[in-house]
Amino acid sequence: MPKYEIGKKIKAFREERGLSQSKVVEELAQLGINMSRETLSKIENNSRSISAIELKAISDVFGVDMDDFFDEEESEDLVTFFRRKNYSQNTLKEISQLQEMVKIFIEQEKIYKKEKY
């Protein structure tokens with residue numbers, strides 16, 4: 001499985017906008033990109049790579065930034081991150097406590113802001 005599943009994101013953007021593959025291909029043609037519907041299908045299924053020029057044109061069709069296709073996996077918590085760096089158990093425990101304090105602070109801030117308005 002590719003690290004970035006650009007094809008799935010392209011398909012998701014297309015479906016969110018209610019566009020058929022044929023319509024996307026038509027709009028790409030207006031931008032000077034000749035692509036068949038079958039090629040777009042292969043790209044969406046991650047069975048064909050996409051060039052930077054094609055991706056830029058698709059991002060223009062969808063009105064999104066090219067970076068939107070490269071969002072990586074969800075952020076991990078700090079403990080997981082530092083565990084991978086082989087920190088000691090004491091350090092991991094302290095990081096976990098600090099992380100919980102930050103979460104509580106953020107929740108308190110949200111509550112405070114809701115009460116304010």
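Biologist: Which residues does I10 touch, not counting residues up to four places away in sequence?
Modeller: In this predicted model, I10 touches L40, I43, E44, I50, L55, I58, F62 and F69 once residues up to four places away in sequence are set aside, where contact means heavy atoms within 4.5 Å. Residues are numbered from 1 along each chain as its sequence is written, and side-chain values use heavy atoms, without hydrogens and water. Because the model is predicted, local features need pLDDT of at least 70 and side-chain atom pairs count only at pLDDT 80 or more, while totals for chains, interfaces and linings use all residues.

Biologist: Is I10 buried or exposed?
Modeller: I10 counts as buried because its relative accessibility is 0%; buried means under 20% relative accessible area, exposed over 50% and partly exposed in between, with a 1.4 Å probe and protein chains only.

Biologist: And where is I10 found?
Modeller: I10 is found in helix α1, helices being DSSP runs of H or I with at least four residues, numbered from the N terminus.

Biologist: At what angle do the axes of α1 and α3 cross?
Modeller: The axes of α1 (residues 6–16) and α3 (residues 37–44) cross at roughly 115° and come within 7 Å, with axes fitted to C-alpha atoms over the stretch in contact and angles running from 0 to 180 degrees between N-to-C directions. The contact is made by G7, K8, I10, K11 and R14 of α1 with L40, I43 and E44 of α3.

Biologist: Switching topic, where is confidence lowest?
Modeller: Confidence is lowest in helix α5 (residues 78–84), at a mean pLDDT of 72, on the predictor's per-residue scale from 0 to 100.

Technical notes: Helices (H or I, at least four residues) and strands (E, at least two) are DSSP runs, numbered from the N terminus.
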